[in-house]
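Hi,

Here is the structure I promised to pass on.

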Amino acid sequence: MSRSINVSLIGNPNTGKTSLFNRLTGLNQKVGNYPGITVEKKEGVCKLDRGLKAHILDLPGTYSLNTSSLDESVVVETLLNRNSRDFPDVAVVVSDIENIKRNLLLFTQIKDLEIPTILAINMADRMQRKAITLDIELMEAELNTKVVLVSARKNQGINDLKDAITQYKTLNTQPCVNASVIDPEYFARLKKAYPHQLLYKLWLVITQDVNFGKVERDRDYEKLKTSSFDIKSEEDLKRLQHKETVVRYQFINGLLKKVLHVDTSHAKDLRSKLDRILLHKVWGYLIFFLILLLIFQAIYDWSSYPMDWIDELFASFSAITAESLPAGPFTSLLAEGIIPGLGGIVIFIPQIAFLFFFIALLEESGYMSRVVFLMDHIMKKFGLSGKSVVPLVSGTACAIPAVMATRNIEDWKERLITILVVPFTTCSARLPVYLIIIALVIPDRDIWWIFNLQGLTLMLLYLLGFGAAIFSAWVLNKILPIKRKSFFVMEMPAYKLPMFKNVGITVVEKTKSFVLGAGKIIMAISIVLWILASYGLGDQFTKAEQIVTEKYASQNLSDKALQQKIASHKLEHSFIGYIGKGIEPAVRPLGYDWKIGIAIVSSFAAREVFVGTLATIYSVENAEEETIKNRMQAETNPILGGPLFNFASGISLLLFYAFAMQCMSTLAIVKRETVSWKWPAIQFAAMTLIAYFAALGAFQILK
Amino acid sequence: MEKTIAHLKRGEIAIIKSFKETDVPLKLLEMGCLPGNLVTMMQSAPFQDPIYLNINGTHLAIRRETACKINVDPYV
């Protein structure tokens with residue numbers, strides 16, 4: 001019979017914890033959220049010996065158990081709550097060989113919780129190169145635990161770690177630091193009042209909120225907070241936490257003096273040389289800008305080939321379905337609703353994969369922290385910090401992970417502002433809209449031989465989104481009446497060659513969750529749209545064929561042209577036609593007809609629905625196998641004449657999509673992260689108004 | 001005036017002595033910024049802020065306003 005145990009992977013950021021997690025679990029992993037909050041939860045399964053299965057939880061990176069952000073509080077909550085489903089049978093603290101001193105701080109804290117704890121020292125393959133020697137036996141004796149040397153990168157020591165996990169029952173759970181020496185009298189009173197509780201656990205519960213806002217927890221702990229023991233002022237508790245840190249470091253320094261030897265003469269490294277260039281006041285920014293340019297050009301250029309291919313594939317697939325299956329509502333739903341809807345999802349895959357690929361590459365290599373460093377001073381002026389840059393850059397992939405990435409920002413005001421402005425950055429859902437409109441209204445020309453005019457337009461739109469985000473941050477910083485306690489402490493990790501496996505897993509996981517998440521909405525909307533477009537009321541709809549035939553009887557139209565007129569007439573009098581006509585007065589000043597109006601309204605759920613909607617509307621109107629782009633090109637403006645998608649209406653649409661908050665999923669995430677409906681409501685209203693007036697202004701000036 | 005981390009020149013090494021105010025973030029201590037430890041000024045960001053330090057082997061970026069609160073002794 002197979003048994004299953006819980007293993008928690010805990011460690012400082014940048015220790016290669018995720019690489020180790022990937023080594024242990026491979027593709028047997030899934031990403032979810034902790035119940036009630038949106039901190040990412042990575043779980044995976046690892047098979048051990050003797051039918052034992054390890055259920056491995058990759059906890060967010062943290063420097064200590066003293067919480068100062070939501071991510072960190074998740075770690076503490078998991079370790080404190082013995083009744084939790086995730087409570088570990090064994091904790092694996094991942095440390096990296098070059099920062100072992102700092103990593104041990106977290107280790108001693110977890111050890112004090114009397115959970116069986118293994119110390120896994122990662123990047124052990126570098127020991128020789130860095131001339132580091134470590135007395136493992138002595139270390140195990142002093143720390144009362146099992147120490148394992150591993151290298152996730154070189155795939156070394158993984159089996160030793162698995163063995164150690166298998167034998168978790170033999171681990172000693174004695175603490176290694178006596179935390180109560182920081183205030184013996186206080187701790188003695190605490191012990192007397194709660195004789196059955198673990199002392200260090202009580203201490204953590206008491207201090208949880210000192211550096212960080214409210215956290216949900218068991219009722220028992222809630223009682224503790226209100227009991228007579230809350231007599232220490234926040235200042236006193238902070239002072240004691242400082243003292244605790246000093247005590248722990250004294251222990252660690254004493255230990256490392258005995259077990260660790262580093263020959264510093266070998267310690268000349270590449271890092272400072274690279275930093276000289278990458279953080280240079282001119283070269284640093286230039287390199288950052290070039291990297292961004294490369295990413296955008298690549299996404300626009302490279303992904304266009306698979307995208308065209310997917311586009312045509314689905315168009316012909318739809319046509320084949322329509323021809324080969326017997327005619328009827330079901331075939332029609334399949335060929336005109338479901339298949340184009342599906343195509344509208346699949347077509348994003350190349351671009352999303354490219355974006356996540358580049359972001360993962362920058363994160364993995366350690367460059368992202370340099371970006372934070374470079375940008376902090378600039379961002380500070382707008383009420384943000386360098387840490388807001390990562391959410392804003394991630395926002396170019398998708399606002400949802402970007403909003404979640406704000407969780408390591410300690411200051412609430414800074415975090416709220418970042419959350420509110422992130423949806424301005426150009427997410428990948430805007431890309432299909434941008435790409436198709438740019439292709440229609442911007443000439444495909446090279447300027448100065450290297451820059452493509454269409455690519456440049458796309459770049460401008462990205463800059464516009466980023467500018468809108470920064471500018472609104474500045475405004476929000478001025479008008480939001482929230483006090484801040486901002487400080488900025490960030491580790492600069494060593495440069496690393498990105499691991500193909502890690503980047504690959506990130507790309508696959510993120511793309512999958514995006515496609516499945518957005519896919520459901522797009523699919524549902526496609527079907528609803530098809531129904532609304534295929535049915536209508538009254539004679540105008542049901543007798544469309546007769547009416548149109550009579551009307552054009554004298555004109556001697558070809559059969560094809562007549563069929564098109566009938567379909568068009570039908571659509572105009574279907575449910576969706578009435579809805580579109582209803583909102584037409586509102587969108588006409590922006591240069592749109594009622595069909596675009598429908599596409600805009602339905603894309604309030606998710607931007608990428610825009611193209612899918614047009615596909616549905618146009619293919620209902622004309623079932624011939626044309627790609628959407630060609631179909632859009634043929635549209636004429638019913639009032640002004642000329643092509644419907646011209647320069648003025650195109651720019652107007654681009655601006656509308658640049659600013660409008662059209663993503664239900666993001667609004668839902670913002671609601672969860674800010675724990676109120678107020679902020680997403682304000683965000684939605686403000687962005688929509690800005691979008692409307694920007695589009696209105698652009699069309700009226702350019703037409 | 002006492003010398004602080006903010007006064008260090010590029011490449012200069014000093015010993016952390018004390019904190020000017022009690023509200024120095026706990027996180028900084030946890031990263032190894034403790035009295036007695038060595039601090040090396042690696043480099044400043046463009047516009048002189050934030051600054052990039054090596055404290056006790058950890059490479060850290062902090063803002064100048066925080067660096068002003070940490071007194072140092074010269075390292076000989």
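In strand β5 (residues 90-96) of chain A, the bridge partner of A:Val7 is A:Val90. Bear in mind while reading that this is a predicted model. The pairing behind that bridge is parallel, with five bridges between β1(A) and β5(A). Strand β4 covers residues 52-58 of chain A, runs parallel to β1(A) and is joined to β1(A) by seven bridges.

How enclosed is β1(A) by the rest of the structure? Strand β1 spans residues 3-11 of chain A, and seven of its nine residues are buried, so the strand is largely enclosed.

The other sheet I looked at involves both chains. Six strands form an open sheet in the order β12(A)-β4(B)-β3(B)-β2(B)-β1(B)-β5(B), with antiparallel pairing. At its edges stand β12 (489-491) of chain A and β5 (70-74) of chain B; each has a single partner strand, so one side of each is left without a neighbour in the sheet. On average, and ignoring direction, neighbouring strands here are turned by 40 degrees against each other. As a reminder, strands of a sheet pair through backbone hydrogen bonds, either parallel or antiparallel.

Inside that sheet, β3 (residues 51-55) and β4 (residues 58-62) of chain B run antiparallel and share five bridges. One of the pairs puts B:Ile51 across from B:Ile62 in β4(B). There is a helix to go with this sheet as well: α15 (residues 367-380) of chain A lies across β12 of chain A together with β2 (38-44), β3 and β4 of chain B. Its direction is at about 150 degrees to β12(A).

Now for two helix pairs in chain A.

Take α4 (residues 136-143) and α9 (residues 234-259) to begin with: their axes come within 9 Å and cross at roughly 155 degrees. That is over the 145 degree cut-off, so α4(A) is roughly antiparallel to α9(A). The crossing is right-handed. On the α4(A) side, A:Leu138, A:Met139, A:Glu142 and A:Leu143 meet A:Phe251, A:Leu255, A:Lys258 and A:Val259 of α9(A). By class, that contact has six nonpolar, no polar and two charged residues.

Then there are α18 (residues 412-421) and α20 (residues 453-479), whose axes come within 9 Å and cross at roughly 140 degrees. How do these two lie to each other? They are oblique, and α18(A) passes α20(A) in a right-handed crossing. From α18(A), the residues A:Lys413, A:Ile417, A:Leu420 and A:Val421 meet A:Ala469, A:Ser472, A:Ala473, A:Leu476 and A:Asn477 in α20(A). Sorted by class, this contact has six nonpolar, two polar and one charged residue.

A:Thr321 sits in helix α12 (residues 304-324) of chain A. Is it buried or exposed? With a relative accessibility of 8%, A:Thr321 counts as buried, the cut-off being under 20%. Leaving aside neighbours within four places in sequence, A:Thr321 is in contact with A:Thr331, A:Leu334, A:Ala335 and A:Ile339.

Cheers

How values were computed:
Residues numbered from 1 in each chain as written. Chains lettered and ligands numbered in written order. Predicted model: local features only at pLDDT ≥ 70, side-chain atom pairs only at ≥ 80, totals over all residues. Heavy atoms only, no water. Buried < 20%, exposed > 50% of the residue type's maximum accessible area, 1.4 Å probe, protein only. Helix = DSSP H or I, 4+ residues; strand = E, 2+ residues; numbered from the N terminus. Pairing = 2+ DSSP bridges. Axes fitted to C-alpha atoms, helices over the stretch in contact; angles between N-to-C directions. Parallel < 35°, antiparallel > 145°, perpendicular 65-115°, else oblique. Left-handed = near helix turned anticlockwise from the far one by under 90°. Contact = heavy atoms within 4.5 Å. Nonpolar A, V, L, I, M, F, W, Y, C, P; charged D, E, K, R; others polar.
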